[in-house]
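Reader: I am new to this structure. Please walk me through how to read it.

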Amino acid sequence: MSIFDILGPVMVGPSSSHTAGAVRIGLISRLLLKDNPVYADIGFYGSFAATYAGHGTDRAVTAGLLGMQPDDIQIPNSLEIAKQRGLKIFFSKVDLQNAHPNTAVLNLVGKTGKRITVQASSIGGGRIMINKIDGIDVNFNAEMPTLIVHNSDQPGHVAQVTTLLFENKINIASMQLYRNERGGYAVMVLETDESIPPEIISQIENYTGVIKVTYINPLTDVIPSESVAIPTNTSVIPTEAEESPKTKEAHQ
Amino acid sequence: MSFTSLKEITTKCNEEKKSFYEIVLELDSKQSNFTHEKEIKKMNSMWTAMKNAADSYDPKLFSSSKLTGGDGGKFEEYIKKNNSICGSFIGQVISCALQMAESNACMKRIVASPTAGSCGVLPAVLIPLYRNTIFSEEKIIEGLFVAAGIGQVIANRSSISGAEGGCQAEIGAASSMAAGTLVYLHNGTPEQICAASGFALQNLLGLVCDPVAGLVEIPCVKRNVIGAVNACSCADMALASITPKIPADEVIDAMKSVGNKIDSSLKETGRGGMASTPTAKNIYSKLSKIN
């Protein structure tokens, strides 16, 4: 823990967990989508569900999705800015099992049609935990460069990836492994001290048995924001009825 | 590693003949791999953000719940008349605490110190000292390192989260940090810094987190005032060489054990205490309709 975890962050109020953390959830989800979101269906759980309007949690997550940082004074106006930029956004309350009391589930569609579902919690002091991506456990706090490798559960993948990082002088700070069943679908989540260059990421993508690689560097990544027009091919935007049956109110 | 005991910091101060500020700066710089200059620059940016937040208070602004706003302006007018009970300096401290906490509720930019809900306490004691040019900005920034060091020990030994430890962990921690900082600024010894921190925390032990409708507004805004005023009186007690019988580290441990015993309805769930009064329930149901 740094002393700037005690004095700081500089943030827009009123709550480090319900506002600053919520901005980070939106921002990291945007980085994971690697696209400008045009559609967002956001489900709030627990304390988030109970108090999201009063704490500005809805505006905070939206601000993050638009690429704002927790100290951006435009956070209170994010719903209006989202409308101007063509981001359709819906809020609902959801029920989750074994989730932290401040949890949100974001279903996102990007301008180029990319999709992602992120489940994340705000764990206090503005810090967050990304719990799941597309339903798979990941559990990282997005404070360091993070590499997520999806592969078939066979011997050697961990050795391959860690050797490659070692050869490139990239130090691993933490590592987690998940799988759905023996020999099934496996995920490794690695946090590193150094950033990982794109050529190494594509090398990992090309290993046999690797299904998908996601890499973010929360310290440096920026998805340039643009005034996105709603794509003419509306098929990438799910209708409200398809994706969000529980949503009664649309903030737009 | 960060500090886990205030005793450890004072021992280091005495052994190495360095100030509380220097010991905290050196350890954090070792840990973050930042130079001392970079650390001081970063702390300066926190101080600048605090000053900007204090200067940009708008008495006409209300929170989205409409429960908060305007009180900091009223208080400022009141103390200008020079017949307040608390007198000029404490009057300014109260005014500043109200204003910062109200700005936070109104979604303005603040510095979490240590949390957003308690963001008014530390600036409330520092801004009046700065505005009356009692201390240089360099010295105040040194004081912020002292505050952060104390906060770090509290976070390591106990908690600085209302959901975990109740309000004592937020306003209590902020008050403890502010008390120690005031003693540092007034050239107190490391032992006196710890004494003030311990006094401030022990006085707020047991304070529950019971926000009306779950919002960081009632009673949070006014609790920032008690945190700030308590810091002033505890710093004065320490500077008067009143020595605590219970060491500050043990007070922090007591805060943790009290926090564990506080019922979850009184830990940021908006279900107990002030939040469970009939009027609060009414407010909650009215706001839920808007929500």
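Author: Start with chain A, which has 7 helices and 11 strands. Helices (H or I, at least four residues) and strands (E, at least two) are DSSP runs, numbered from the N terminus. This is a predicted model: local features need pLDDT of at least 70, side-chain atom pairs count only at pLDDT 80 or more, and totals for chains, interfaces and linings use all residues. Residues are numbered from 1 along each chain as its sequence is written, while chains are lettered from A and ligands numbered from 1 in the order in which they are written.

Reader: What percentage of the residues in chain A are buried?

Author: A residue is buried if 20 or more other C-beta atoms lie within 10 Å of its own, exposed if 12 or fewer, and partly exposed in between; C-beta atoms are placed from the backbone. In chain A, 43% of the 252 residues are buried.

Reader: How many residues of chain A are in contact with chain B?

Author: Contact means that the C-beta atoms of two residues, placed from the backbone, lie within 7 Å. Here 30 residues of chain A touch 41 residues of chain B. On the chain A side, α2(A) gives the most, with 6 residues.

Reader: How do I read two packed helices?

Author: They are described by the angle between their axes and the distance between the axes. Axes are lines fitted to C-alpha atoms, for helices over the stretch in contact, and angles run from 0 to 180 degrees between N-to-C directions. Take α7 (residues 137-157) and α12 (residues 248-261) of chain B: the angle is about 45°, and the axes are 9 Å apart. That makes α7(B) oblique to α12(B). Angles under 35 degrees count as roughly parallel, over 145 as roughly antiparallel, 65 to 115 as roughly perpendicular and the rest as oblique. Val153(B), Ile154(B) and Arg157(B) of α7(B) make the contact, with Asp249(B), Ile252(B), Asp253(B) and Lys256(B) of α12(B).

Reader: Is α5(B) enclosed or open, and why?

Author: Of its 19 residues, 15 are buried, so α5(B) is largely enclosed by the rest of the structure. Just after α5(B), Met107(B) takes a positive phi of about 60°.

Reader: Where is Pro114(B) found?

Author: Pro114(B) is in the loop between β1 (109-111) and α6 (121-131) of chain B. A cis peptide bond joins Ser113(B) to Pro114(B), with omega about 0°.
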